[in-house]
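Here is a short briefing for a first look. Please keep the sequence and the structure in view while reading.

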Amino acid sequence: MKKNFFVAFVLLVALVLPLSAQGSSESSGAFAPSKDIEWFVTSSPGGGSDIYTRAIVDIMNKYNLVNGKTFLVMNKTDGGGEVGRLQVSRVAAGNNANHTLLTFNSGDHAPMIQNTANRIENFTPIAVMAVDKQLLFVGEHAKYKDWAEVLAAIKAGKNIVIAGSKGDDIATYELLVKELGVTQNQVSFITNDATSDAITSVLGGHVDIVMSKPAAADQYVAAGKLTPILALANSRFSGNLASAPTLSETGPYKNVENPIWRGVVGPKAMSPEAAAFWSNAFKAVSESAEWKANYIDKYKLVPEFKDKDAAKAYMQEFEKTTLKALGK
Amino acid sequence: MNNFSMLMSGFAVLFTFQNIAATVFGAILGLLVGAMPGIGSLAGVALLLPLTFKFNPTTAIIMLGALYYANMYGGAFSSILIGIPGDGPAVMTMIDGFPMATKKGRPGQALLTSNLSSFIGGTIGMIILTFMGPLLAEFGLKFGPAEMTALLLVAMTSIGWLVGENPTKGIILTAFGILLASMGMDTLSGYPRYDFGSIYLLGGIPFVPFVIGVVGFSQVIRLMGERHHETKLIVDKLSIKSSMITLHDLRRLLPPAIRSGFLGTFVGVLPGAGATTAAFMGYAVQKSFKSEEPLGSGAIEGIAAPEAANNAAAAGAFAPLLALGIPGSGTGAVLLGGLMMWGLNPGPLLFTNSPEFAWGLIASLFLANLITLMISWGVIPFLVKILSVPTRLMIPVITVVCIVGSYSTSNSMYGVLIMFASGVLGYILSETGYNTAPAVLSFVLAPLLESNMRKAFIISQGSLKIFVEKPISLVFILILLITICFPLIRVALVKLGWMKKKGAV
């Protein structure tokens with residue numbers, strides 16, 4: 001029984017310590033965090049957004065950018081993430097609003113405006129940190145060896161199936177189909193919960209083509225299990241992905257690029273001083289060596305920092321185009 | 001034998017003080033996390049992950065592997081003792097475990113049965129993983145949408161074994177489970193479905209609060225009616241000896257445990273099918289074998305089959321994770337995220353690039369399996385004591401456990417509301433003679449079936465031929481047809497005198 005008491009004691013200490021550490025140190029003028037920061041992530045632990053968030057948290061802690069306070073990362077996945085987003089947008093003005101952050105990327109933004117009445121004007125954009133893009137890959141046993149063969153098959157009236165993840169991938173697929181001038185029946189898309197599931201179906205030979213961001217496909221390319229055939233970008237990728245041409249290289253098409261941005265927002269009620277503080281903190285993260293080595297390079301993203309004003313304009317523009325595409 | 005020597009080198013990696021301590025710590029934590037309803041291995045691993053960044057990757061993954069593994073043991077504790085499944089896989093353990101502990105008055109034996117079966121199933125899974133890991137992973141890849149659809153259809157028909165005496169009520173609840181599972185976002189297109197304009201319902205009914213409610217909280221409501229009854233069970237002796245099972249029990253336990261061990265490993269390897277599906281299928285298969293007592297009344301076989309299957313599945317799930325970098329479950333995905341954070345690239349190159357890591361992990365599973373068995377065996381006498389707590393004291397305690405468990409799945413009161421609502425629903429259903437198990441199971445299987453079937457139809461352009469063209473799915477479709485038609489055929493055979501009449505199934 002002694003062990004139980006010990007465990008209970010440790011838990012108790014772990015619970016109580018943060019409380020006592022919450023001394024209030026109110027200061028006027030420039031904002032500095034005075035209590036623990038609640039950082040909402042609307043996807044599950046271990047997913048892309050979660051990794052992104054925790055990578056930033058690590059760097060902020062390391063450089064002590066938040067006045068020695070602690071980040072509480074909250075994975076709130078209810079309602080496909082809408083509940084968490086709504087909750088953040090509704091935080092009332094005051095100290096809480098200044099200590100609340102939300103991981104926000106185009107994969108969150110698009111479903112939010114599609115499925116709910118929540119809009120970017122209900123948030124305070126803080127930063128855009130990086131941009132991700134996709135490629136198409138074929139598996140070892142695929143019927144097609146390169147994009148030219150796929151195009152030939154499409155012209156011959158064959159049906160093509162692409163597997164991918166949700167959100168961004170669907171949007172990119174729709175752009176691709178539109179540019180190719182074919183119907184969604186001829187080139188169809190299978191939505192998976194995660195890119196890893198899509199890759200599984202290609203490795204098993206059930207589907208010919210998979211859409212993926214570089215990070216998820218990296219190992220499979222190295223092992224020769226996947227071959228990049230088309231860069232969904234305005235220019236080719238580097239490294240082992242350089243062999244994939246862009247769409248305009250393969251025929252009379254325009255390039256298809258649907259940049260997936262990863263950003264951070266706060267509640268609408270966040271004070272301008274706090275927003276400026278956070279924008280600077282994220283800028284410092286984006287300039288750190290760790291960010292470049294442990295996130296950007298590792299997961300082959302394009303570094304693209306935008307401060308609060310640039311991020312605001314960027315997200316508003318994104319919302320406008322998405323709404324237009326939805327016919328809303 | 002190459003793999004065997006690799007495994008031995010894995011043990012060599014493992015046997016440092018630091019790594020063994022990590023295994024023990026992970027195992028203890030896993031048991032605790034598993035025993036708490038709602039906080040499954042997913043949350044446990046996710047919570048612990050940040051702590052492990054200071055460790056070297058091998059030690060860290062050994063600890064997380066042990067945690068994940070021990071969790072499968074812990075889930076059965078609350079199922080058996082208080083009738084609340086600690087996690088998804090433990091739902092099936094409850095069906096026989098809870099009656100065995102309470103009605104039959106053999107709680108210690110029920111727990112030990114569950115532990116031993118877990119150990120046997122897990123060991124089988126690990127041995128298969130050691131010698132056939134990459135092969136197994138390749139085999140799992142053969143299961144695309146069409147094959148999974150056929151397999152899940154077979155699984156759905158076996159719900160028939162669970163409907164009990166009243167098939168109509170069983171079918172109604174199966175359909176009800178499917179209907180509930182279809183709420184939320186469409187699995188393929190992401191469009192809202194049956195959300196009634198509520199953003200909470202947009203994400204669907206969360207599984208864990210639903211199960212805790214229907215199965216667990218409905219118990220609490222029932223207990224409230226019996227709160228003045230004296231607790232019948234008095235456990236006076238706190239010793240490991242009093243919870244020993246007899247040799248006869250062991251003989252009953254072995255066949256289902258071994259069978260489920262193989263079945264579970266196989267299910268664990270399949271994409272998207274996790275330990276819950278494995279436990280369910282283990283139990284369903286047991287229905288078609290002979291059990292000494294009828295299943296559902298507290299039969300040892302009914303505990304052994306699902307427990308062995310879910311532990312074997314947990315081991316099997318490591319095959320695609322290590323050999324191909326494909327997570328077979330949510331927890332696998334978090335482990336995968338961990339691997340990446342430590343600078344290891346999971347994927348087809350892991351065994352080649354970091355053999356000491358991969359084999360160290362596999363070796364740690366063996367050790368965790370053994371350690372967990374010993375620890376849980378040791379705590380059985382203390383756990384059994386729970387049953388002698390008066391009912392009126394247990395009611396608030398279990399209620400708190402239910403609330404905490406359903407809150408922690410998504411850190412919101414939404415889960416708690418779902419838990420209470422499904423609890424009331426579950427109570428009404430069971431009082432009116434409906435067995436809630438079919439609803440829970442169709443709730444688990446329906447989303448998997450839906451997404452796989454729709455993916456198969458996208459691939460085949462809507463043609464049904466895909467299910468008979470692929471050999472694996474053809475086999476399952478044949479099994480399906482035989483299962484469905486067998487009762488009819490049997491009637492014919494009996495009439496012709498070719499087969500002896502059998503008692504009601």
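**Briefing: rings, cysteines and helix contacts**

B:Phe11 has a relative accessible area of 17%, so B:Phe11 is buried; buried means under 20% relative accessible area, exposed over 50%, and partly exposed in between, with a 1.4 Å probe and protein chains only. This is a predicted model, where local features need pLDDT of at least 70, side-chain atom pairs count only at pLDDT 80 or more, and totals for chains, interfaces and linings use all residues. Residues are numbered from 1 along each chain as its sequence is written, chains are lettered from A and ligands numbered from 1 in the order in which they are written, and side-chain values use heavy atoms, with hydrogens and water left out.

**Aromatic pairs**

- Over all chains, the count is 26 aromatic pairs. Rings of Phe, Tyr and Trp (its six-membered ring) pair if their centres lie within 6.5 Å; planes under 30 degrees apart count as stacked, over 60 as edge-to-face and the rest as tilted.
- A:Tyr52 and A:Tyr295 form a tilted pair, because their ring centres are 5.8 Å apart and their planes stand at 55°.
- That pair links distant parts of the chain, 243 residues apart: A:Tyr52 is in helix H2 (residues 48-62) of chain A and A:Tyr295 in helix H11 (residues 289-297) of chain A. Helices (H or I, at least four residues) and strands (E, at least two) are DSSP runs, numbered from the N terminus.
- Both A:Tyr52 and A:Tyr295 are buried.
- B:Phe11 and B:Phe15 are stacked, at 5.8 Å centre to centre and 20° between the planes.
- A cluster of ring pairs links A:Phe31, A:Trp39, A:Phe71, A:Phe277, A:Trp278 and A:Phe282.

**Cysteines**

- The count is 0 disulfides over all chains; a disulfide is a pair of cysteine sulfur atoms within 2.5 Å.
- B:Cys402 is buried, at a relative accessible area of 0%.
- B:Cys485 is partly exposed, at 32% relative accessibility.

**A:Val210**

- A:Val210 sits in strand S8 (residues 209-212) of chain A.
- Its relative accessible area is 0%, so A:Val210 is buried.
- Beyond its neighbours within four places in sequence, A:Val210 contacts residues including A:Leu135, A:Phe137, A:Ile199 and A:Leu226. Contact means heavy atoms within 4.5 Å.
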